[in-house]
Amino acid sequence: MNTSTAPAILLVGHPNVGKSVLFHRLTGAYVNVSNYPGTTVEVTQAPARFDASATLLDTPGVLALPSRSDDERATMRALLNETSRCLVQVGDAKNLRRTLTLTALLAELGVPMVLALNMHDEAMARGVTVDIPALAEELAIPVLATVATGGEGMGELTSSIARAAVPDPLLHYDPLLEEEITLLAAAIATHAPHPSLAARGLAILFLGNDTEVDSWLRQHAGPAYAQLDALRRAASQRAEEDLPGLLARQRTEAADALATSVSQRAVRSSPLLAQRIGQAVVHPLWGIPILLGVLYAVYLFVGVFGATTLVGLLEEDLFDGILNPAVTDFVTTQIGNNGLSDLLVGQYGLWTMGMTYALALILPIVSTFFIAFGILEDSGYMPRLSVIANRIFARMGLNGRAVLPMVLGLGCVTMATLTTRILHSPRERLITIFLLALAIPCSAQLGVVLGMLGGVSFSALLVWALAMVGVLFLSGFLAARLVPGRRIPLVTELPPMRLPIAGNVLKKTTGRLKWYLIEVIPLFLIGTFLMYLLDRLGILPAIIEAGEPLVSGWLGLPKEASAAFVMGFLRRDFGATGLFMLADALSPVQAIVGMITITLFVPCFASLLMMIKERGLKTGLAMLAIIVPFAFLVGGLCNLVLTALW
Amino acid sequence: MSPHHDARLPLAFIPPGEEVRLAGLGDEIDALQREQLTAYGLAENRPLRVLQQKPMTVILAEEVELALEHSVARHIWVVR
Ligand SMILES: Nc1nc2c(ncn2[C@@H]2O[C@H](COP(=O)(O)OP(=O)(O)OP(=O)(O)O)[C@@H](O)[C@H]2O)c(=O)[nH]1
């Protein structure tokens, strides 16, 4: 939280309205921008450009307050724990009703406010006009139109922040409700006054069952909390219906009335091109060919351009052809042929194995993948993909929302595991993380699989792919039945399709790559070093010996493949590359079985750590305990079936 | 007024292209999801435009495009 004494300026608003872009404009600090609701999962802060003494906070998008989701709770915590100088509500100019419904609550907090109606360009294109002076007068705060992506209205925004004012309340609730609110507010003011938020606002949130406000009051009111709680219980008994719902409805009605009086919508004869594309993409008929087209384009860019052309250039021409001989030469002439030179440029050398794989093989593949993913994300295609994929995911106890982490997993499972936070229930997160760990190959691994099995034959690749899809569906199907809890039906917003902004995609790609490199290179080097140690100390041969019954007997692989499985624990793709080195010695069936087992085998070390971080040690280890035997089971079964059939 | 004029129909049964008003959310929808739907803009009396029904119900509420599973759209009541 904010430890400095400088009061903060908080950006608050619905998901996907452009808070992160505005934040970037106002601070110069980059945060993850995407055309996908819910991508800001944590509060980010940075000093403001226009006023060095002010700190700006970007909060996760809130659909509504009182808080219900993790994102909303994070935002509520920021409101409760920061000394806020000013709230900047970022709203969507084309969705004024919804924006004002949130304003109706924020206005009660007694903090100076500014309302920025962003996406003014899209509102105009859709014929929505807002009488800004009238709205500003009604709310008694500065209101302005902005286009965050084009930088329009930024000057006015900074000057508005200086003029921020405590808003007039947008509504009076029913007289009876007002009475309860006043009573509770008085009690809060006496027993737990908040340094910056108004007691009335807290009372409304508390009556609306906001868990964050609840625990804040519990902490600060001491024994008087019982009194507050009694007031709330009395109020909800008197209300004939669900009290939070009742309060929310009255805010919605007030917001509707205000929105109607200050905005107008021209009747449009035909939908915009962006809307037409958006609809075609989820069309029951056109949606599928479009999806296949998109997948093919991604394959061409990542699979062909990234994994073949770029890897070829880097690995064969640059590293194997020029760099590695030069480095090896240099090292051996400098320090001679000994253990140290082996560590650097030997078979398991930090440079010849670790750095070469990290930079020449993995980097081009993930870079192209992240670019493709960024473009899809920014275009608004991802949420629509979740509509198309929903039915399939329903079979796995999930809903279409899981498509984002699953697709990202094809890039990097570790990063995807982190992204499961956008899912709404712990059950969905658990199932998704499990499936990611088990059956989703990351791009680095995919590159190796494509290279190895592609070299064998197309049908080998097909068998591998079918096995993966089969395992994915089967384990998803089982998980859906075994993990307790109910499936949540998909209800999702489909943000407008937008032309991706190159700068945005690049910034996002660089951000992801940076994260990836910081995470991957050290692990590659540690992994290589461990391999070197195992080899040096003669443990590797022992492991190869010990693994022989399983690896040779059950999987039918040469016993050296054991080494690949050990490597596989450090990184899955590392293991796959380990098998890749044996490629010439493998039969087609061995290649397929090896790749299937390695793909299913333990996720890389980094993703295991991430799993544990996200779901706890017990769950993480339990998944590991399921996945490892399962990988060998499936691998062995494939071996039996394939040797019988091939 | 013809009797069918204010007859309530489930949102899932409205053919694409029609504009309707929200009449209410059925009791089958739990409190939490009800709040969520309201927050998305599904409040009583608001106009909605049905864009498609397959593979999911897609509607336009104000300028928000929303996709809902049929299991939810079945319990959302609208009038024509
Ligand atoms: N046309 C248009 N697009 C915008 C504008 N502002 C932001 N966007 C786009 O809207 C999308 C969402 O922007 P973000 O800044 O990620 O939104 P956010 O409010 O931080 O979203 P969450 O992190 O989900 O809460 C991105 O694709 C932006 O490029 C604008 O004024 N006009």
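Predicted model: local features only at pLDDT ≥ 70, side-chain atom pairs only at ≥ 80, totals over all residues.
A:Glu493 stands opposite B:Leu66, a residue of strand E5 of chain B. Residues are numbered from 1 along each chain as its sequence is written, chains are lettered from A and ligands numbered from 1 in the order in which they are written, and side-chain values use heavy atoms, with hydrogens and water left out.

Strand E9 of chain A and strand E5 of chain B (residues 64-68) pair in the antiparallel sense over three bridges; two strands pair if DSSP finds at least two bridges between them. Strands (E, at least two residues) and helices (H or I, at least four) are DSSP runs, numbered from the N terminus.

Now take in the whole interface. Here 36 residues of chain A are in contact with 30 residues of chain B, contact meaning heavy atoms within 4.5 Å. The area buried between the two chains is about 3000 Å², with carbon and sulfur atoms giving 53% of that area; buried area is the accessible area (1.4 Å probe) that two parts lose on being put together, summed over both. A:Leu63, A:Arg97 and A:Val491 supply 19% of the area that chain A buries against chain B, more than any other three residues.

Charges meet here too. The rule finds seven salt bridges across the interface, each a side-chain nitrogen of Lys or Arg within 4 Å of a carboxyl oxygen of Asp or Glu. A:Arg265 forms a salt bridge with B:Glu63, their closest N and O atoms being 3.0 Å apart.
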